[in-house]
Amino acid sequence: FSLQEIHIKEPIEKEVNPRLLPGELLLCEASTVYKYMQEDGSNRGTYGKLVCTNFKISFLDDDSASDDNEPQFKNKIVGENDITLQCVDQIYGVYDEKKKLLTGQLRKYPEKLIIYCKDLRVFNFCLRYTKEEEVKRIVSGIVHHSQTPKLLKRLFLFSYASAAPNNTDGGNQTVMFETLEDWRDELERTKGNVKYKAVTTNEGYRVSEKLPLYFVVPICISEESILKYDGRGIPIWCWSCHNGAALLKMSAFPKEQDDSTSQMQKAFLDGIYKTISKPPYELLKMDDLSSSLPSLQDIQTAYTRFKQLFLIDNSTDFWATDVKWFSLLESTNWLEIIRRVLKKAIEVAECLEIQHTNVLLIEESATDLCCVISSLVQVMMDSHSRTKSGFQSLIQKEWVVGGHCFLDRCNHLHKSEKEEAPVFLLLLNCVWQLVQQYPPAFEFTETYLTVLSDSLYVPIFSTFFFNSQHQRDTNKSGESLKTQSGPFRFLTVWDWSVQFDPKAQAFLNNPLYAEKPKPDKSQRKTARFKHQRQLSLPLTQAKPSTKRGFFREETDHLIKNILGKRIGKFINSSDEPPNSLREFYDSWHSKPVDYHGLLLPRIDGPEIKVWAQRYLRWIPEAQLHGGGTIATAAKILDLMEEVQSLQVKMDEECSQAVSGDVHSVPMLRNSARLSSLFPFALMQRQSVKPALPTSTWKDLEDEDDLVKRDDEFVDLSGDML
């Protein structure tokens with residue numbers, strides 16, 4: 001295209017410099033870079049400067065210099081046009097209209113750069129009008145710093161920790177599980193201290209570098225047993241149920257062993273099982289997750305396919321995939337993996353709750369699927385894990401201190417793609433299913449889960465950037481610019497004030513959370529507070545929209561009809577739950593929900609949904625203007641505010657409102673101007689559905705029965721409302 005074909009925003013005259021964090025260094029930059037807006041088929045966009053630092057890639061235009069255009073839900077660390085180096089997924093160059101993956105050394109430099117991000121943003125930059133030397137520097141700089149293998153100490157985490165002032169605390173109530181006292185308190189909270197003990201055997205990491213400094217085992221397990229096989233074959237406590245049954249995990253012995261070693265290990269395990277299967281311990285059920293759940297490779301393959309559905313280059317690509325949306329979605333197998341993981345968590349919950357049986361989760365390292373299942377079970381069975389501080393403490397206990405290899409699984413250092421797998425993201429997807437099915441049961445919102453998933457790629461927090469507590473501790477020592485010498489003081493992601501101001505943090509808290517009532521001493525201890533099944537608000541009639549119907553609550557019944565046989569296949573699949581489990585599941589779902597008791601996810605067929613806010617937030621075509629859950633939330637907040645003001649008027653002596661939380665979300669006032677993907681897609685952005693190619697319409701006209709056509713999805717939203 002020529003310059004005349006572009007709607008040009010003139011190159012900026014005033015110098016715009018990037019905002020640098022402490023320890024952040026500018027590495028290379030290029031001027032007169034053109035950034036496309038991917039909202040329609042045109043080449044509209046804006047000129048600016050593209051820069052690369054040791055922390056991020058950033059595009060700066062004249063809007064970057066003013067505060068007038070700032071979104072109200074703003075991340076203080078990563079701006080709208082910033083991509084942290086860890087968030088870069090793949091980089092493509094366009095040569096003569098052909099896309100080519102860019103890695104390593106480049107012989108020829110592209111005329112266009114496409115950056116795909118792990119948070120599913122897509123950036124398109126045109127370099128035709130940039131000086132050749134600058135193109136070489138910026139492209140090779142971006143590829144080198146975001147795609148080539150790194151040393152751990154080269155992560156920005158260390159540069160920031162050595163240069164930033166150590167004065168943030170943010171009133172964080174999260175239990176970090178880094179002291180013996182934290183574990184003892186958790187044992188006491190769950191009444192597990194009768195049969196289990198916190199041990200100091202691993203102090204100095206003399207048992208294993210993979211285990212935390214402190215952990216909990218059955219009282220009958222000796223220190224010699226723990227030391228014998230570096231902690232392998234030892235049941236480690238995760239959580240105790242109200243009836244005394246406990247959830248345990250164990251790292252298995254390697255399968256490839258010689259016969260004598262294998263016999264010794266088998267004898268050792270038999271002794272352990274006998275010890276913890278007799279009173280006072282409950283019966284023991286063992287579950288080898290490596291055989292009962294998909295492998296990490298299967299999870300990685302499914303997610304790689306799934307994310308491609310949302311890494312949309314332009315509007316035309318979106319509508320091309322929309323026609324075969326359901327078959328594309330099913331072929332990824334991602335939703336089926338989520339369903340299988342949730343089903344496994346229900347099985348474990350049934351053993352603990354109904355059968356009063358201890359469950360021992362077994363996995364080679366006990367730091368991947370064990371973390372997913374143990375966390376999910378606790379979210380489902382323990383209402384404390386559904387509060388914000390409780391959920392954060394759970395992640396600390398099971399994942400951060402528990403030894404999940406975040407560095408390898410997120411491939412932060414680009415060392416090995418074989419180790420990469422979105423295990424933590426799988427947990428967040430599963431928890432999101434529960435949050436959207438039972439909103440009043442959670443103190444946090446889906447926006448909280450979305451920004452938590454984004455924080456995986458922000459290397460100023462240590463939370464998701466080490467493989468174990470040992471690795472973190474051994475890399476803590478270093479030269480600090482502020483204090484001459486001494487250990488690094490890393491930030492924790494749980495201090496949300498680092499990323500968001502109080503107004504933005506309000507979106508992380510659920511205003512409809514049904515807080516646990518204070519116990520009435522006159523009631524028996526076993527009595528539980530019962531809530532309504534759900535808050536069912538009437539759906540507002542909206543004008544017909546050309547948006548994809550799948551992500552709208554109003555179209556659930558239509559989807560059930562369209563998917564027909566496909567849903568039947570899910571429900572009647574070979575791994576249909578056994579009778580006792582199905583009875584447990586059906587019986588629970590037939591009763592009113594206690595938002596502070598056990599929660600079981602609905603897992604049949606279309607009940608497993610796509611996490612629309614995370615995966616669709618950057619796609620204008622998928623937004624529902626003035627609608628979606630945000631419209632409902634806005635109405636509820638209006639009512640709550642009205643009730644509060646009436647309360648103030650009624651109580652003449654009280655000069656302040658009962659709570660200030662509702663007033664801290666002023667941007668919800670005009671819900672008609674908001675998108676369904678608020679707060680990430682803020683205000684309306686126009687996107688018009690293009691005419692489909694004649695051949696596509698002809699194909700659709702030839703088919704009368706939509707249900708038979710399970711390959712294609714026709715947008716019927718215009719006829720729906």
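Strands here are DSSP runs of E with at least two residues, and they are numbered from the N terminus. By that count Glu97 sits in the loop between β5 and β6 (98-101). The model shown is predicted.

**Figure 1. The whole chain holds 24 helices and 14 strands.** The chain has 721 residues, and 55% of them are buried. Among contacts with a separation of 6 or more, 73% link residues 24 or more positions apart. The exposed surface comes to about 33,700 Å². Carbon and sulfur atoms supply 50% of that area.

**Figure 2. Eight strands build an open antiparallel sheet.** The order across the sheet is β4-β3-β2-β1-β8-β7-β5-β6. The edges belong to β4 and β6, each with a single partner strand, so one side of each has no neighbour in the sheet. From one strand to the next, the twist averages 30°. Helix α1 (residues 132-147) lies across β1 (26-36), β2 (45-53), β3, β5 and β7. The helix runs at about 110° to β1.

**Figure 3. Strand β7 (residues 112-117) pairs with β5 and with β8.** How much of β7 is covered? Five of its six residues are buried. Strand β5 (residues 88-95) joins β7 through six bridges, and the two run antiparallel. Val88 is bridged to Cys117 in β7. Strand β8 (residues 122-126) is also antiparallel to β7, with five bridges between them. Here Ile114 stands opposite Asn124 of β8. The β7 and β8 strands form a hairpin, with four residues between them. Leu120 lies in the turn and has a positive phi of about 75°. In a regular strand, side chains alternate between the two faces of the sheet.

Figure 4. The relative accessible area of Asn75 is 17%. The cut-off for buried is under 20%, so Asn75 counts as buried. A polar side-chain atom of Asn75 lies 2.8 Å from the backbone nitrogen of Ile77. The side chain of Asn75 also makes a polar contact of 2.9 Å with the side chain of Gln499. Which residues does Asn75 touch once its neighbours within four places in sequence are left aside? They are Gln499 and Phe500. 

**Figure 5. Glu97 and His414 both have positive phi.** Most residues other than glycine have a negative phi. Glu97 is not a glycine, yet its phi is about 70°. Is Glu97 buried or exposed? Its relative accessibility is 65%, and the cut-off for exposed is over 50%, so Glu97 counts as exposed. His414 has a phi near 55°. The loop around His414 lies between α13 (406-409) and α14 (423-437). At 17% relative accessibility, His414 counts as buried.

**Figure 6. Helix α14 is mostly covered.** Of its 15 residues, 14 are buried. The helix reaches 22 Å from its first C-alpha to its last. That is close to the 21 Å expected at 1.5 Å a residue.

**Figure 7. Four strands make an open sheet with mixed pairing.** The order is β11-β12-β14-β13. At the edges are β11 (236-240) and β13, and each pairs on one side only. Neighbouring strands are turned by 25° against each other on average, direction ignored. Which way does β13 pair with strand β14 (residues 358-363), parallel or antiparallel? The pairing is parallel, over five bridges. Lys285 stands opposite Val359 of β14. Helix α5 packs on this sheet and touches β12 (246-251), β13 and β14. The direction of α5 makes about 135° with that of β13.

**Figure 8. A cis peptide bond joins Pro279 and Pro280.** Most peptide bonds are trans. For the bond between Pro279 and Pro280, omega is about 5°. Pro280 belongs to the loop between α5 (259-277) and β13 (284-288).

Note on methods. Residues are numbered from 1 along each chain as its sequence is written. This is a predicted model: local features need pLDDT of at least 70, side-chain atom pairs count only at pLDDT 80 or more; totals for chains, interfaces and linings use all residues. Side-chain values use heavy atoms; hydrogens and water are left out. Buried means under 20% relative accessible area, exposed over 50%, partly exposed in between (1.4 Å probe, protein chains only). Contact means heavy atoms within 4.5 Å. Accessible areas come from the Shrake-Rupley method with a 1.4 Å probe; for residues, only the protein chains shown count as cover. Two strands pair if DSSP finds at least two bridges between them. A polar contact is a pair of N or O atoms within 3.5 Å; within protein, one must be able to donate a hydrogen and the other to accept it, and residues adjacent in sequence count only if both atoms are side-chain atoms. The expected span of a helix is 1.5 Å times one less than its number of residues. Axes are lines fitted to C-alpha atoms, for helices over the stretch in contact, and angles run from 0 to 180 degrees between N-to-C directions.
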